[in-house]
Every structure is written in C-alpha cells, then in structure tokens.
Amino acid sequence: MLTHLLNAALMTLGLALVSLAFGLVLAVLFSAAEMSRQAWLRWPAVTLTTTLRGLPEILVVFFIYFGSTHLLFLLTGEYLEFSPFWCGVTALSLLFAAYAAQTLRGALNAVPRGQRQAAQALGLPPLYTFFHIVLPQTWRHALPGLGNQWLILLKDTALVSLIGVHDLMHQAKMISASSYQPFTWYGTAALIYLAITIISQHGVRRLQARVTRYD
Amino acid sequence: MNKTLLSLALLAASVTAAQAEEVKFVTNAAYPPFEYVDDNNEMQGFDIDLAKALCAQAELECSFHNQAFDSLIPSLKFRRYHAAIAAMDVTPERAEQVDFSDIYYENSAVFVAPAGKYDSLDALLKQTVGVQNGTSHQKYIQDKLEAKGLQSRPYQSVQDALLDMTNGRLDGVFADTAVVGEWLAKQPGYTVVGEAITDEGYFGTGFGIAVTKGNQALLDQLNEALAELKADGRYDSLYQKYFPH
Amino acid sequence: MTDWLEYLPTLLQGVGVTLWITCSGLLLGLLIALVLTWILEQEVPVLTQLAEGYLLLLTGTPLLVQIFLIYYGPAQFDWLKASWAWQYLREPGFCIVLALGLNAGAYTCRLFKGALDAVPKGETLACRALGMNAWQTLNVKLRHAGRRVIPAYSNEVILVLKGSSLASTITIMDIMGLAQRLNAQTYDTLVVFALAGVIYLALNGTLTLLFRLLERRALIFQTQG
C-alpha cells in the first residue's frame with residue numbers, strides 16, 4: 001500500500017511541476033499586462049488576479065472543473081472536455097500566477113532605473129538590455145517569493161483530490177477507507193508532503209545561492 | 001497561453017472524436033454492492049457486472065470511470081462520459097438533465113440507526129443523520145423532514161456516512177435499502193428504523209442508466225440488451241449473486 | 001441565469017457559519033502563535049525545538065491533510081473514542097476550528113517572529129545598554145514590530161477565511177458546503193459557484209477594510225505614544 005502511496009506522490013509532483021511551468025508563463029503575461037500603459041490590458045489583468053487571490057482555492061478548483069465545459073459550451077457552442085488532471089493544472093497554475101505576478105512586478109520594479117539608462121547610454125539594444133541586464137536581476141529579486149509560492153502550490157495540489165485526480169491525498173483517502181486506519185495513512189501522506197517540502201526548500205536555497213553568487 | 005489552452009482543448013476534443021466507438025461509463029465506486037473498488041483497484045459490483053453484460057449483449061466496447069456522485073450528471077451533460085450507471089434513482093429533476101434507460105432495479109429508502117435506540121422514525125426526528133450529497137435522500141430530508149427537526153449532514157459517499165455513524169458522530173443514516181441491507185448483514189448492533197420509504201417524487205420507480213440527453217441510439221441499445229438479459233435469465237443470476245437475501 | 005435570486009438566500013445562510021469558523025480559528029491561532037513566539041524569543045530549551053518541529057509540520061503539509069487527520073484520524077483508536085475527548089472530536093465544527101487554529105497558529109507565529117527579527121539589533125542592544133530588563137526590552141521590540149504585524153496579519157485573516165471553506169469537506173454547511181449542495185441538486189454550476197465567489201470576495205473586502213481602519217488607529221496611537 002505504501003507503493004500505491006508513493007506512486008500517487010509522483011502524480012502530485014508531476015501535477016505541481018506542470019502547473020508551475022504553465023503558472024510561470026501566465027505570471028509573466030499577467031505582470032506584463034498589469035504594468036501595461038494600456039488601460040484595456042491593465043484592468044482585466046488586475047481584476048482577474050485580485051479576484052483569484054480573494055477566492056477560496058477550493059472554489060477556483062471546483063469552478064474550473066464543473067464550470068469549464070459549461071463556460072466553453074456557452075462561448076463556443078461546442079462540447080469540449082478536459083480531464084480532471086488538466087482542470088487541476090489550469091486551476092493551480094492560475095492561482096500560482098495570480099500571486100507570482102505580484103512578485104514579478106515587485107522584482108521588476110526593484111531593478112534600479114539607472115541600470116536600464118546605463119545600458120541605453122552604452123547603446124545596447126532594448127531586447128539585449130531586457131534579457132541580459134534586467135531579467136537576471138529580476139530573477140534574483142523574485143526567487144525568494146517564487147520559492148514560497150511553489151511551496152504553496154505544492155500544498156494546494158491536495159485540493160485536486162476532491163475532483164478525482166489520483167494524487168497523494170486521493171490515494172491516502174482510498175487506503176484509509178479500506179484499511180480503517182485513517183490516522184496511519186493520512187499521517188503517512190502528511191510526512192510525504194513534508195519530505196517534498198523540505199527537499200524543495202533546500203533546492204530553492206541552492207538556487208538562491210547560485211543567482212546571488214556575485215553579490 | 002490562450003493559444004496553448006485552445007490547442008489543448010482541440011487536442012482533447014479530437015482525441016474524443018477518435019475514440020467515439022467506445023462507450024464510456026461513469027460511476028461512483030463507493031457504493032457496495034452496486035459499485036465499489038476491490039483490493040486490486042478494480043471496479044466491481046452489480047451495476048458494473050450488469051453494464052458489462054449489457055455491453056457484451058449489445059456488442060459495445062465499454063470502459064468504466066470513477067467520479068464523485070454529485071458530478072455524474074454534470075459530466076454526462078457535458079459529454080465527458082456517455083453513460084452513468086450508479087444506483088441512480090430516476091427522478092423528474094434528473095430526467096430534465098439526462099435521459100434514463102428502463103428501470104433495472106426497484107428501489108426504496110430506509111433509515112438505519114444503532115439497535116434499540118430509536119423505536120420509530122418519530123424518535124429519530126430530533127437527531128442528526130448522514131446522507132450522500134446530491135442524492136434524492138438529501139432532498140427528501142431537506143423538503144419533508146428538516147421542518148420537523150431532523151438534521152442532515154452531507155457525505156461524499158454512503159460508506160463515509162455509515163463509518164461516521166459507527167464512530168458515534170451520527171445518530172442515523174438515510175440511504176438505499178439494498179445498500180443498507182448489505183451493510184447491516186455485516187454489522188450487528190445496527191437496525192432499520194421505521195418503514196421503507198417509496199416516495200415516487202424522490203426515489204422514482206427505481207434505478208436507471210443515465211445517458212446524455214438525446215443519445216437515443218445508445219438508450220435503445222441498452223434497453224434492448226436489458227430486455228434480452230431479463231428474458232434469458234442472465235439478469236436473475238446476476239441479481240441472485242449480489243442480493244441473495 | 002434567472003435563478004440566482006433563488007440561490008442567494010440559501011448561500012447567505014452559510015455566512016454565519018463561515019464567519020464563526022473563521023473567527024474561532026483565528027482566535028485559537030492567535031493564542032498558539034503568542035505562546036510559540038514567546039518560546040522562540042526566550043529560547044526555552046527543549047520547548048524551542050518542539051516549537052520548531054511544530055512549525056515545520058504545520059506549514060509543510062496541506063491544510064486539507066491536517067483537517068482529515070483531525071477529523072478521520074481519531075476514529076482509528078478505540079481508546080480515544082472511549083475517552084472524554086471524543087465528545088469534542090466527534091463534532092465536525094470542533095475539528096475544523098481545531099485544524100484551522102493549529103494551522104493559523106503556525107503561520108501567525110512565523111509572521112510575529114519575522115516582525116520581531118526585523119527590529120534592528122542595535123535597538124535591542126540600546127535597551128540593554130540603558131539597563132532595561134528582558135521584559136522591558138521585549139516590550140520595546142513588540143511596539144516596533146507591531147507596525148509591521150498589523151498589515152501582515154490582515155493577510156493571515158484572509159487566508160483563514162479562505163481556508164474555512166474546506167469545512168465543507170467534513171460535512172459542515174458553510175457557504176462552500178451550501179454551494180456544493182446547490183450545485184449537486186440544480187447542476188447550475190456557473191451561477192452557483194459565481195455567487196458563492198462574490199460572497200467570499202465581499203467578506204474579504206469587508207475584512208480588509210476593517211483592518212485598514214485598525215491599522216490607521218494603531219498608527220495614530222503610536223505617533224501619540
């Protein structure tokens with residue numbers, strides 16, 4: 001039964017990593033839109049991220065799971081279906097992005113204006129400036145915040161067990177019900193989550209040490 | 001990102017189209033003896049066996065999927081699956097959302113409680129009972145008994161509710177007679193309280209297989225196969241296997 | 001989409017339950033956080049290590065697992081079911097408040113500790129140099145840290161409010177529980193969940209506003225003091 005649980009833990013990790021990848025892309029888009037000078041870009045983005053941050057996570061997960069097909073049907077007149085896994089990924093990456101966009105915005109603002117001006121004065125092209133001068137510094141400022149949000153994302157994956165994704169939490173529930181040992185199995189699941197968290201924290205710290213090695 | 005989502009959606013849609021030959025059954029496998037997951041993580045039970053027999057008879061390729069009970073009808077509505085066989089009462093509300101096959105099992109509902117504690121339904125009225133979320137049982141209590149003081153708590157499955165009753169969290173459980181019967185046979189110390197309830201407005205006339213509204217072709221195939229199974233005795237032997245008492 | 005007026009009264013019935021769970025959880029969390037922060041600040045031997053373990057365990061695992069562990073876990077032990085504790089643990093309301101409180105306690109302690117650690121070392125040293133004792137020093141630190149704590153704590157309040165929605169997973173009829181029941185019975189998913197979302201956002205907004213006012217008052221008090 002422990003093997004079942006460990007397999008399910010891989011599912012949890014996979015879910016979290018896929019959501020992280022999508023979430024980071026979304027976060028860049030959200031923060032770009034929020035910092036845009038175009039009001040029609042800025043306001044929807046601000047409204048969306050504020051709303052996402054204010055809603056209970058479980059509501060977002062249910063809304064996407066039960067509501068996505070409904071909404072797509074209303075919009076397109078077509079029945080399109082998403083598996084629980086992809087609904088989970090969508091919900092988790094949106095939630096991640098809503099918070100990560102804030103972090104990125106803060107980090108971009110934290111890069112001193114002088115850096116950009118200096119690059120301009122040296123005649124460097126704008127894209128080169130962004131990718132080689134601004135972005136590496138943004139990354140350094142954003143990493144602690146993003147690391148935190150990754151840990152939150154990891155814990156939020158437990159919610160998708162409620163829409164039937166066979167993750168660690170779901171498996172723990174199944175084994176608890178059949179073995180009548182809920183304490184043992186939820187406890188074991190908790191320890192596995194804890195182990196993943198601790199390993200992640202070490203990883204983030206090493207990454208942090210790498211990006212700040214010139215400080 | 002929107003493009004990615006869209007292409008994912010299209011991918012998902014095209015995958016469904018390619019597998020259109022397969023009939024995807026969905027159930028909530030936490031409802032023995034109708035449907036449950038055995039030690040090998042395989043779905044078993046009367047409904048599953050019946051559906052397999054129906055598929056064999058109608059020469060359909062079938063697969064089975066597990067979901068929460070309260071998301072069965074939405075997932076049919078949005079064509080996530082083709083059919084649901086889940087000990088589901090045929091009720092007027094549900095019949096607005098999905099189409100039902102002929103009745104394949106006649107049903108009633110009962111209260112169970114610790115033996116010797118409540119001698120009639122009236123004695124149970126000021127207490128708390130467990131029901132499965134989204135079932136006719138929940139609606140029945142909400143409409144008919146809540147005003148008389150009966151509290152209900154919603155559970156993901158009847159098994160969860162029964163477990164919480166044995167833990168002393170609930171005074172009783174309100175569920176399908178057949179499910180409770182199976183459980184009572186293994187649990188001394190618990191008993192049925194009052195008469196079985198057969199209110200057609202809530203529990204309909206029995207269980208039916210639900211299909212996406214308008215899928216008449218599948219409905220006809222299932223009904224025809226069901227009639228065959230009933231005629232040649234295969235239904236009866238299945239029934240005997242699961243409900244010997 | 002015409003039924004939303006019908007759903008609203010049902011959903012609003014859950015507001016009281018949600019607020020009750022949130023407030024009780026916050027109160028318990030605050031108590032736990034104060035005790036833990038005191039232990040960590042005073043570096044009480046053994047207790048400090050225990051407190052660190054507690055923080056790691058509670059912040060390193062999902063709240064949902066903690067809730068299930070507290071609600072379903074005790075049933076495994078017959079001696080526990082026979083004990084006096086069972087009359088509390090059998091109540092889902094008690095379990096959710098306990099779980100939220102234990103969880104919030106850990107996060108709030110991290111927050112308090114962070115604010116205290118942010119007080120410049122020089123300030124503490126200055127207090128010592130002035131001949132203040134440990135209590136007086138802590139008092140100075142607390143005043144300094146208080147300014148940072150209030151806005152951060154309002155975040156924690158929102159987190160607990162959002163977390164309270166998990167009460168629905170252990171049979172409690174809060175806003176989320178009622179929304180799930182409505183969804184299961186009417187299948188009107190978009191409207192039901194959107195309405196529930198609006199109610200949560202309204203509650204969040206109100207709480208945030210209250211804290212802004214509190215913050216302003218606290219700052220006035222500080223400039224006067």
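The exercises below work through helix packing, sheets and chain contacts in a predicted model.

Residues are numbered from 1 along each chain as its sequence is written, and chains are lettered from A, with ligands numbered from 1, in the order in which they are written. Because the model is predicted, local features need pLDDT of at least 70 and side-chain atom pairs count only at pLDDT 80 or more, while totals for chains, interfaces and linings use all residues.

**Exercise 1. State which residues of chain A UniProt lists as "transmembrane region", and describe the spans 6–33 and 54–76.**

Step 1. The unreviewed UniProt entry lists residues 6–33, 54–76, 82–101, 121–139 and 183–204 of chain A. UniProt positions are given in the numbering used here, feature names are shortened, and annotations may be inferred rather than shown by experiment.

Step 2. Residues 6–33 of chain A are 100% helix and 0% strand, with end C-alpha atoms 40 Å apart. Helices (H or I, at least four residues) and strands (E, at least two) are DSSP runs, numbered from the N terminus.

Step 3. For residues 54–76 of chain A the end C-alpha atoms lie 28 Å apart, and the span is 91% helix and 0% strand.

**Exercise 2. Determine how H6(A) and H8(A) are oriented, and which residues make the contact.**

Step 1. The axes of helix H6 (residues 126–156) and helix H8 (residues 182–211) of chain A come within 10 Å and cross at roughly 170 degrees. Axes are lines fitted to C-alpha atoms, for helices over the stretch in contact, and angles run from 0 to 180 degrees between N-to-C directions.

Step 2. H6(A) is therefore roughly antiparallel to H8(A) (angles under 35 degrees count as roughly parallel, over 145 as roughly antiparallel, 65 to 115 as roughly perpendicular and the rest as oblique).

Step 3. H6(A) contributes residues including A:Trp139, A:Arg140 and A:Trp150, and H8(A) contributes residues including A:Tyr193, A:Ser200 and A:Val211. Two residues are in contact if their C-beta atoms, placed from the backbone, lie within 7 Å.

Step 4. By class, the contact of H6(A) with H8(A) has 11 nonpolar, 4 polar and 2 charged residues (Ala, Val, Leu, Ile, Met, Phe, Trp, Tyr, Cys and Pro count as nonpolar, Asp, Glu, Lys and Arg as charged, and the others, Gly among them, as polar).

**Exercise 3. Carry out the analysis for H1(C) and H9(C).**

Step 1. Helix H1 (residues 4–42) and helix H9 (residues 175–186) of chain C have axes that come within 7 Å and cross at roughly 150 degrees. H1(C) is thus roughly antiparallel to H9(C).

Step 2. Among the residues that meet are C:Tyr7, C:Leu11 and C:Val15 in H1(C) and C:Ile175, C:Leu178 and C:Leu182 in H9(C).

Step 3. The contact of H1(C) with H9(C) has 7 nonpolar, 5 polar and no charged residues.

**Exercise 4. Describe the contacts of chain C with chain B and with chain A.**

Step 1. Chain C has 12 residues in contact with 14 residues of chain B. On the chain C side, H9(C) gives the most, with 5 residues. That side divides into 4 nonpolar, 5 polar and 3 charged residues.

Step 2. The contact between chains A and C takes 32 residues from chain A and 26 from chain C. H8(A) gives the most to the side of chain A that touches chain C, with 11 residues. The residues of that side divide into 21 nonpolar, 9 polar and 2 charged.
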